[in-house]
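Subject: Structure handover

Hi,

Here is the structure for you to look through. My notes follow below it.

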Amino acid sequence: MKILVCMSQVPDTTTRVKFVDDNKKLDTNGIQWVINPWDELSLTRALELKDDAATEVKSVTIAHVGHAGTEPTIRKALAIGADDAVRVNAEPADAFFVASQLAEVVRNDKFDILLCLIESSDHNGSTVGGMLAELLELPSISAVSGLNIRDGQVLINREIDGGRETVTLPTPFVAVVQKGIAKEPRIAAMRGIMMARTKPIKVLEPIAAETYTEIAGYEMPKPRTACRFIDPASPKQLIELLQQEAKVI
Amino acid sequence: MSVLVFTENWDGKFKKSSFELVSYASSVAEMLNTTACALSIGKVDKGELEELGLYGVKKIIGVTGDSLDVLDNQIYTRIIAETAVKEGATVVILSNNNTGKALAPRLSVRLRAGIGTGVSKLPVSINPFVLYKRAYSGNAYALLTIKTGIRIITLAQNSYELIERRNDPVIEEVPLQVDSSLAKTRVQEVQKQTGKILLTDAEIVVSGGRGMKSPDNWGPLIELADLLGAATACSRPVSDEGWRGHDEHTGQTGKIIAPNLYIAIGISGATQHLAGVSSSKYIVAINTDKDAPIFEAAQYGIVGDAMKVLPGLVESVREIKSR
C-alpha cells in the first residue's frame with residue numbers, strides 16, 4: 001500500500017499577518033514558513049501506519065504545489081520520515097488549480113490512500129481534497145479523525161454532527177483528515193534530518209489548469225472594543241451586563 | 001436562473017441552522033432577482049419539508065431512496081449537481097458543517113463552479129461575484145472573486161439570521177435517479193451523543209482551559225453551561241491532557257465556532273485558540289493574569305481565579321433564571 005500526503009506550507013501559526021500591494025498580497029517579509037499543522041498530523045499518522053508491519057503500508061510520499069523556495073519545508077517533511085516527495089513547480093493560484101496539479105501527480109503514479117487536510121491555516125478553504133477526489137472520480141471521506149488498517153481493510157472514523165461513524169471504503173480513496181488523526185505531530189530526529197538531505201524530491205512542471213477564483217483583497221478584522229473589567233467580587237454584575245447590555249443570555 | 005440550497009436533515013428533522021441557510025439563500029436570490037429552491041436528500045416528512053417554506057424558498061425538492069441514509073459523497077454530489085443543472089442554479093449554497101465541507105468541493109469540480117467556504121455575510125457584490133470570507137484563521141478576511149458562471153457558497157454556522165418570508169412554495173418529492181451502485185461508503189458502527197447541545201450549533205459556549213487546574217474541577221463549569229443552555233468546550237492543552245474529549249477542543253486545529261456568547265474560563269487565549277473562537281459575537285474572559293491575550297479579544301473580563309469566580313457566576317445565573 002502506498003500513501004500520498006498532500007502538503008501545503010503556511011506562515012507560522014503565531015504570525016501577525018500583514019498585506020501589501022493594495023492589500024491583495026500577503027507581506028511575506030520575515031515570515032517563518034511551516035508545514036500546515038493538519039498536514040503534520042496526517043503525515044504522522046501515515047508514518048505510524050507504515051511502522052506497523054501488519055498494515056502493509058510500503059511508502060509515504062509528499063505532494064506539494066509550490067516554487068523552489070518551498071523545498072526547505074518539503075525537506076522538513078522528509079526529515080520527519082516521508083520516503084520521497086513530488087513538487088509541482090508552480091504558484092498555488094487557487095484551490096482548483098492546486099487540485100488539478102495534484103490530480104496529475106496521482107495519475108502519474110499509483111497511490112492507495114490520498115490524505116488531504118481539512119483546511120490550510122492560511123486560506124481556510126477546506127476544498128482541495130474534495131476537488132481532487134472528484135477530478136479523479138474517487139470516493140472520498142471528510143472529517144476523518146481516525147484511520148486504521150486491519151487485515152488489509154481500511155477502517156475510517158468520520159466525525160458527524162454529534163457523533164462518529166466507523167466506515168469502510170475500497171482503495172484508492174481520498175481522506176480529508178482533521179483533529180484526532182494523530183495525537184502529537186512527529187518531530188524530526190537528527191538521523192532523519194541527515195537522511196532527508198539525500199531523499200528524492202521529484203519536480204514536475206505544472207499542467208495547464210484554470211483558476212475559478214481570485215483574491216480581490218484582504219481586510220483586517222475590526223478591532224474589538226476594549227475589555228470592560230468587572231470586580232471579581234461581584235459576578236452578578238457580569239451576568240446582568242450579559243443579560244441587559246449584550247442581551248445574549 | 002435560480003439559487004439552490006442543500007438542506008441536510010438529521011434523522012428526518014431540520015435544525016435551526018437549516019432555516020438560517022434557507023433564509024440566506026432567499027436573500028441571495030433577492031439580490032439576483034430570482035427565486036430560491038431548497039433540496040433535501042433522504043427521508044423527511046412532508047410536514048417537515050413545509051417548514052423550509054417559511055423562510056422564502058419558492059420550491060422544495062425532496063429526493064428519497066434506499067441508499068441515502070448513509071452520506072456517500074459521490075452519490076450526494078451527483079444528486080445536488082443534477083438538481084442544480086435542472087433548476088438552472090447560478091448559486092449553490094451549503095452549510096459549512098462537516099457535510100457541506102465534504103460535498104461543496106466535489107460539486108465545484110462537477111459543476112465547474114468556483115467556491116467560497118466559511119462565508120459569513122451576503123455577497124459583497126453580484127457582478128463581479130465577490131464573497132467575504134475568513135482567512136489566515138480569523139486574523140484576516142478575504143474578498144474572494146468567483147469568476148465562474150455557477151458559484152458555490154458554504155455558509156458559516158450561526159452567521160445569518162432567520163427571516164420569515166412566505167412564498168407559497170411547491171413541494172416536489174422525487175425518487176432517486178442516480179445509480180446507487182456508485183455508493184462505496186459502508187458504515188460499520190455509529191456512536192452518537194444524545195441529549196447534549198452540539199458545540200457547533202450552540203448559541204452559548206462555556207469553555208475551560210488549563211486554569212481549571214484539574215479534570216476534577218469541571219463540575220461548576222458544567223453547571224453554569226447547563227443553566228445557560230450552553231455547550232461545553234475546552235482549549236487544546238485540556239484535550240491533549242485528556243481532561244476533556246477531543247470533540248470539545250475549540251481552536252485552530254479543533255472546532256471553529258461562532259456562538260453569540262463565548263465564556264473562556266482559565267484560557268490565556270493564544271493565537272491558535274482565538275483562531276477558533278474569534279468570530280463569537282461576545283467573548284467573556286476569566287483569567288488570573290490581567291495581561292493574558294484573551295482579554296484583548298474579550299468585551300467583558302474578570303481578573304480572578306476560575307475556581308473562586310465560578311460559584312458566584314452559577315449563583316447569579318440561577319437567580320436570574322428563577323425570576
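In chain A, residues 24 or more positions apart account for 71% of the contacts with a separation of 6 or more; contact means heavy atoms within 4.5 Å. This is a predicted model, where local features need pLDDT of at least 70, side-chain atom pairs count only at pLDDT 80 or more, and totals for chains, interfaces and linings use all residues. Residues are numbered from 1 along each chain as its sequence is written, chains are lettered from A and ligands numbered from 1 in the order in which they are written, and side-chain values use heavy atoms, with hydrogens and water left out.

Chain A overall

Chain A has six helices and 15 strands. Helices (H or I, at least four residues) and strands (E, at least two) are DSSP runs, numbered from the N terminus. The C-alpha trace of chain A spans about 60 × 45 × 40 Å along its principal axes. Of the 249 residues in chain A, 56% are buried. Buried means under 20% relative accessible area, exposed over 50%, and partly exposed in between (1.4 Å probe, protein chains only).

The largest nonpolar core has 36 residues. Such a core is a set of buried Ala, Val, Leu, Ile, Met, Phe, Trp, Tyr and Cys residues joined through side-chain atoms within 4.5 Å. A:Leu43, A:Leu115, A:Leu147 and A:Ile156 have the most contacts inside it. Several elements of chain A each supply at least two residues of this core, including helix 1 (37-51), helix 2 (71-80), strand 9 (140-150) and strand 10 (153-160). Beyond its neighbours within four places in sequence, A:Leu147 touches A:Arg45, A:Leu49, A:Ile113, A:Leu115, A:Val154, A:Leu155, A:Ile156, A:Phe173 and A:Ile181.

Helix packing

Start with helix 3 (residues 95-108) and helix 4 (residues 128-136) of chain A: their axes are 9 Å apart and the angle is about 50 degrees. Axes are lines fitted to C-alpha atoms, for helices over the stretch in contact, and angles run from 0 to 180 degrees between N-to-C directions. These two helices of chain A are therefore oblique to each other. Angles under 35 degrees count as roughly parallel, over 145 as roughly antiparallel, 65 to 115 as roughly perpendicular and the rest as oblique. Helix 3 of chain A passes helix 4 of chain A in a right-handed crossing. A crossing is left-handed if the near helix is turned anticlockwise from the far one by less than a right angle, and right-handed if clockwise. By class, this contact has twelve nonpolar, one polar and one charged residues. Ala, Val, Leu, Ile, Met, Phe, Trp, Tyr, Cys and Pro count as nonpolar, Asp, Glu, Lys and Arg as charged, and the others, Gly among them, as polar.

In chain B, look at helix 5 (residues 219-228) and helix 9 (residues 306-321). Their axes come within 9 Å and cross at roughly 20 degrees. That makes helix 5 of chain B roughly parallel to helix 9 of chain B. Their crossing is left-handed. The residues of this contact divide into nine nonpolar, no polar and three charged.

Residues that touch both chains

For the contacts below, neighbours within four places in sequence are left aside.

- A:Phe96 is found in helix 3 of chain A. At 7% relative accessibility, A:Phe96 is buried. It is in contact with A:Met131, A:Leu135, A:Glu210, A:Tyr212 and B:Val109.
- A:Thr213 sits in strand 14 (residues 213-219) of chain A. It is buried at 11% relative accessibility. Its contacts are A:Asp94, B:Gly114, B:Ile115, B:Leu144, B:Thr145, B:Ile146 and B:Lys147.
- B:Thr200 lies in the loop between strand 10 (186-192) and strand 11 (204-208) of chain B. At 21% relative accessibility, B:Thr200 counts as partly exposed. It contacts A:Asp161, B:Gln157, B:Lys255 and B:Ile257.

Backbone points to check by eye

- A cis peptide bond joins A:Thr171 and A:Pro172, with omega about -5 degrees. A:Pro172 lies in the loop between strand 11 (163-168) and strand 12 of chain A.
- The bond from B:Asn127 to B:Pro128 is also cis, with omega near 0 degrees.
- A:Lys247 is not a glycine, yet has a positive phi of about 55 degrees. A:Lys247 is exposed, with a relative accessible area of 64%.
- B:Arg112, not a glycine either, has a positive phi of about 50 degrees.

Best wishes
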